[in-house]
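Dear colleague,

Please find below the structure that I am handing over to you, with its sequence.

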Amino acid sequence: MLAGSQNVAAAKRALRPSLLAARRARPEADRERARAAVAVHLTDDLTGAGCVAAYLPLPSEPLGRDLLRTLAARTRLLIPVVTGAAPLDWCLFTETTRPGQLGIEEPDGPRLGPQAIADADAVLVPALAVGPHGHRLGRGGGHYDRTLALRGELRGPARDRLIAVVYDDELGLDVPHDDLDRPVTAAVTPSRGLISLPH
Ligand SMILES: Nc1nc2c(c(=O)[nH]1)N(C=O)[C@@H](CNc1ccc(C(=O)N[C@@H](CCC(=O)O)C(=O)O)cc1)CN2
Ligand SMILES: Nc1ncnc2c1ncn2[C@@H]1O[C@H](COP(=O)(O)OP(=O)(O)OP(=O)(O)O)[C@@H](O)[C@H]1O
C-alpha cells in the first residue's frame with residue numbers, strides 16, 4: 001500500500017468512532033423522524049425506476065423498512081449480501097430475512113451475482129458521512145467501493161445515480177479519500193432532502 005493511502009486509511013479509522021457514537025446516541029424518536037423524512041424525499045423519485053439497489057438498514061441508520069416495502073411493490077429492489085472482501089452479491093428484497101455476515105440482515109431468496117448491481121437505475125448507499133464532492137465514509141470493509149467500481153466497469157462512464165443516505169450533520173464533512181474511493185453523485189438527509197453533489 002502507498003504511504004498516501006495508508007494515511008487516508010488511518011484518517012478514516014480516526015473519524016468513524018465519533019460518528020458511530022453520535023448515531024448510537026440518537027434517541028429512537030429522532031431516528032424514526034429521520035427515517036420517515038428520508039422516505040418522503042425518496043419515494044416519488046425512486047418509484048419511477050425499473051430497478052433500485054438499497055440495503056437492509058441497521059437500527060441507527062436513517063433508512064426505514066417501510067420505504068423498502070413501498071419500493072419493492074413498485075420496482076425490482078436489490079439488497080446486498082456480504083460475501084467477504086469482494087463486491088457485494090445481491091438478492092431481491094424479501095419480507096423475511098436472516099442474519100448474515102457482520103450482523104447485517106440479508107434476504108432469503110436466490111443470489112443474483114455481483115454483476116446484478118449494473119441493473120439498478122439508482123443505488124442507495126449507506127454512509128457514516130459524505131463530503132461536499134460525494135466522497136463517502138463507510139464502515140471500513142470496502143464493500144461498496146468494490147461494488148461501485150464493478151458497476152462502473154459494467155456500465156461505463158455515463159452520469160450515475162448513487163445516493164448516500166445520511167443524517168443532516170453528516171453531509172459536507174471533510175471526508176478523507178483516495179483513488180479507490182467511488183464518490184456518490186447525490187445525498188439525501190432528513191431536513192435537506194435529495195441533494196446533487198458536484199464532483
Ligand atoms: N445496512 C447496511 N448494510 C450494509 C452495509 C452498511 O453499512 N449498512 N455495508 C457497508 O459497507 C456492508 C456491510 N458492512 C458492515 C461493516 C461493519 C459492520 C459492523 O461493524 N457491525 C457491528 C454493528 C454495527 C451497528 O449496530 O451500528 C457489529 O456487527 O458489531 C456492519 C456492516 C454491506 N451491507
Ligand atoms: N476497488 C477496490 N478493490 C480492492 N480493494 C479496495 C477497493 N476499494 C477499497 N478497497 C479497500 O478496502 C478497504 C476499506 O476501504 P474503505 O475504508 O474506503 O471502506 P469504506 O468505504 O469505509 O467501506 P464500505 O465501502 O464497505 O462502506 C481498504 O483497505 C481499501 O484499500
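I begin with the second largest pocket, whose lining residues divide into five nonpolar, four polar and six charged. Please bear in mind throughout that this is a predicted model. The space in this second largest pocket comes to about 300 Å³. Its lining numbers 15 residues, and those closest to the pocket centre are Leu148, Gly152, Ala158, Asp160 and Leu162. Helix α4 gives the most to this lining, with four residues.

The largest pocket

The volume of the largest pocket is about 940 Å³. It is lined by 39 residues, of which Arg139, Gly140, Gly141, Gly142 and His143 are the closest to its centre. By class, this lining comprises 19 nonpolar, seven polar and 13 charged residues. At least two lining residues come from each of α1, β2 (76-81), β5 (105-107), β8 (136-137) and α4. Among the contributors, α1 gives the most, with six residues. Both ligands belong to the description of this pocket: ligand 1 sits in the largest pocket, and the space taken by ligand 2 is likewise the largest pocket.

Ligand 1

Which residues come closest to ligand 1? They are Tyr55, Leu56, Glu61, Leu102 and Arg139, out of 14 residues that surround the ligand. The shell is made up of ten nonpolar, two polar and two charged residues.

A polar side-chain atom of Glu61 is placed 2.7 Å from a nitrogen atom of ligand 1. From the backbone, an N or O atom of Leu56 lies 2.8 Å from a nitrogen atom of ligand 1. The side chain of Arg139 has an N or O atom at 3.2 Å from an oxygen atom of ligand 1.

Ligand 2

Around ligand 2 there are 14 residues, and Lys12, Arg136, His143, Tyr144 and Asp145 come nearest. By class, this shell holds two nonpolar, five polar and seven charged residues. Helices α1 (3-25) and α4 (143-155) each supply at least two residues of the shell. The largest share, four residues, comes from α4.

Which backbone atom lies 3.0 Å from an oxygen atom of ligand 2? It is an N or O atom of Gly140. A polar backbone atom of Tyr144 is 2.9 Å from an oxygen atom of ligand 2. The side chain of Asp181 also takes part, with a polar atom 3.4 Å from an oxygen atom of ligand 2. Ligand 2 taken alone exposes 640 Å², of which the protein buries 74%.

Points to carry forward

Arg139 is one of the residues closest to the centre of the largest pocket, and its side chain lies 3.2 Å from an oxygen atom of ligand 1. Gly140 is also among those closest to that centre, while its backbone approaches ligand 2 at 3.0 Å. His143 is listed with the residues closest to the pocket centre and with those nearest to ligand 2. Helix α4 gives the largest share of the shell around ligand 2 and also gives the most to the lining of the second largest pocket.

With kind regards

Key
Residues numbered from 1 in each chain as written. Chains lettered and ligands numbered in written order. Predicted model: local features only at pLDDT ≥ 70, side-chain atom pairs only at ≥ 80, totals over all residues. Heavy atoms only, no water. Near = heavy atom within 4 Å. Polar contact = N/O pair within 3.5 Å; in protein donor to acceptor, adjacent residues only side chain to side chain. Areas by Shrake-Rupley, 256 points an atom, 1.4 Å probe, with all protein chains shown as cover. 1 Å grid on protein atoms, 1.4 Å probe; cavity = no way out; pocket = protein on both sides within 12 Å on 5 of 7 lines; lining within 4 Å. Sits in = over half its atoms within 2 Å of the grid points. Nonpolar A, V, L, I, M, F, W, Y, C, P; charged D, E, K, R; others polar. Points joined across faces, edges and corners; volume = space filled by probe spheres on them.
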